[in-house]
Amino acid sequence: MGKQIDMYSLADLMKKIAETVNGNPVPIEGFNAIYQFDITGEDGGEYQLHFQDGKAAVTEGSEHPADCTLVMSLASFHLFMLGKLNGTMAFMTGKLKMKGDIGKALKIESILKQYNVKDAL
């Protein structure tokens, strides 16, 4: 097993997500969406995760209009990536704010669970 999730910078973690997804494009075939992650706090930042034509790409910033924007702290993002923070519960308790397409917000959690990004760390 690699480093613990909190030892990755946000940029490295986002790159790892894209690498993991691109290693097995089957779950995202035919799915096109742009997710904006606004991660708050000192080590936070803005990143977009693009799913298009069976590929994933990560960009820093908010260059393109997002289908769905997820706003959370870096600690909550780590828990979300580890599968220890349920998106719906996080939203209901205020740990996650969401703007845009709620259907796509629900979809990102199911997509990431299929990849077990935490196991790739």
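Colleague: How far does helix H4 reach from its first C-alpha to its last, and what would be expected at 1.5 Å a residue?

Modeller: H4, which covers residues 102–115 and has 14 residues, reaches 21 Å, close to the expected 20 Å; the expected span is 1.5 Å times one less than the number of residues. This is a predicted model, in which local features need pLDDT of at least 70 and side-chain atom pairs count only at pLDDT 80 or more, while totals for chains, interfaces and linings use all residues. Residues are numbered from 1 along each chain as its sequence is written, and side-chain values use heavy atoms, with hydrogens and water left out.

Colleague: What makes this stretch a helix by name?

Modeller: Helices are DSSP runs of H or I with at least four residues, and strands are runs of E with at least two, both numbered from the N terminus.

Colleague: Which residues of H4 are buried, and why are they said to lie on one side?

Modeller: Lys104, Ala105, Ile108, Glu109, Ile111, Leu112 and Tyr115 are buried, that is, under 20% relative accessible area, whereas exposed means over 50% and partly exposed lies in between (1.4 Å probe, protein chains only). Because their arc, taken from the directions from the helix axis to the C-beta atoms, is only 165 degrees, they stand on the same side of H4. The face turned away from that side carries the exposed residues Ile102 and Leu106.

Colleague: Why is Asp53 called exposed, and what is its phi?

Modeller: Asp53 is called exposed because its relative accessible area is 62%. Its phi is near 55 degrees, a positive value in a residue other than glycine. Most residues other than glycine have a negative phi. Asp53 lies in the turn of a hairpin formed by E2 and E3, with 2 residues between these strands.

Colleague: How do you know that E2 and E3 pair, and in which sense do they run?

Modeller: Two strands pair if DSSP finds at least two bridges between them, and 6 bridges join E2 (residues 45–52) to E3 (residues 55–60), which run antiparallel.
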